[in-house]
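This report concerns aromatic ring pairs and the surroundings of a ligand. The sequence and structure follow.

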Amino acid sequence: MEILGIDIGGTGIKGAIVNTEKGELVTERFRIPTPKPAIPQEVAKVIAKIVSHFNYNGVVGCGFPTPLSHGVCKSGGNLHEAWKDTNVEELFTDKTGLKYTVVNDADAAAIAEMNFGAGINKKGLVAVITLGTGIGSGLFYDGILIPNSELGHVSYKNEAFEKYAADSIRKKEDLSYRKWGKRLNKYFNHIELILSPDLFIIGGGASKKLDRYIDQIKIAAPIIPAENKNEAGIIGAAMAAYHEYLKN
Ligand code: BGC
């Protein structure tokens with residue numbers, strides 16, 4: 001099936017049509033900068049523009065960068081506080097008339113990796129950790145998603161760990177990869193202590209540079225980079241909508 005996947009991020013909102021059997025984009029990506037402020041009505045307008053750009057009429061999958069439960073935003077996080085308690089699926093449906101499956105952005109990336117990337121056939125507990133503006137997580141156990149985990153929010157010095165170790169913090173504080181890697185070492189040791197995953201997959205923008213900081217991270221579980229890179233969020237969002245479609 002061909003499904004529109006949309007990845008909503010703090011800086012850009014990207015969409016493409018995805019072939020859900022192959023896990024590949026069948027169109028170019030179309031990107032619109034995230035509105036500032038990123039309030040619900042403005043983001044919904046961008047979604048409508050992406051839908052009309054592709055002249056699309058079908059179910060839509062969306063990756064959303066905040067804590068979520070059943071399509072409802074639990075906290076505005078890196079987007080805008082006005083999102084709290086918004087039913088994101090209903091909002092986008094009201095705006096465009098189409099049906100949406102909205103999942104957490106890191107869950108979407110994890111879905112793409114487990115189906116078509118570094119996680120194929122990986123059993124046990126696999127933790128996909130995305131390093132970008134924030135730290136996101138997607139957990140799979142024996143190939144099944146445990147949705148809505150928020151491992152970027154375990155605390156460190158009374159704050160979310162992502163405020164100390166996200167890739168955006170590396171940029172903001174102009175940290176070398178070595179220094180940032182040491183922060184990530186603390187982070188991954190902590191997560192390993194709590195969950196003992198069998199495998200970590202690193203996604204998000206920083207996955208491409210893994211060789212520059214992996215030496216600093218000393219844990220028992222293997223760590224490998226994601227394979228779908230920038231497209232994982234779009235592919236995974238489309239896959240989530242596809243699975244929902246098959247259920248109905
Ligand atoms: C949010 C997560 C999201 C992650 C990556 C965190 O701040 O709480 O829901 O997955 O950023 O975007």
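**Ligand surroundings**

A residue is near a molecule if one of its heavy atoms lies within 4 Å of it. The ligand is surrounded by 13 residues, of which N104, D105, E150, H153 and E162 are the closest. The model is predicted: local features need pLDDT of at least 70 and side-chain atom pairs pLDDT 80 or more, while totals for chains, interfaces and linings use all residues. Residues are numbered from 1 along each chain as its sequence is written, and side-chain values use heavy atoms, without hydrogens and water.

A polar contact is a pair of N or O atoms within 3.5 Å. An N or O atom in the side chain of H153 lies 2.9 Å from a ligand oxygen atom. Backbone N or O atoms also take part: one of T66 is 3.4 Å from an oxygen atom of the ligand, and a polar backbone atom of P67 is 3.4 Å from a ligand oxygen. The ligand taken alone exposes 310 Å², and the protein buries 94% of that (Shrake-Rupley method, 1.4 Å probe).

**Aromatic pairs**

Rings of Phe, Tyr and Trp (its six-membered ring) pair if their centres lie within 6.5 Å; planes under 30 degrees apart are stacked, over 60 edge-to-face, and the rest tilted. The count by this rule is 13 aromatic pairs. W83 and F92 form an edge-to-face pair, with 6.4 Å between centres and 80° between planes. The rings of F188 and F200 have centres 5.1 Å apart and planes at 90°, so this pair is edge-to-face. Both F188 and F200 are buried, meaning under 20% relative accessible area (1.4 Å probe, protein chains only).

Technical notes:
Buried means under 20% relative accessible area, exposed over 50%, partly exposed in between (1.4 Å probe, protein chains only). A polar contact is a pair of N or O atoms within 3.5 Å; within protein, one must be able to donate a hydrogen and the other to accept it, and residues adjacent in sequence count only if both atoms are side-chain atoms.
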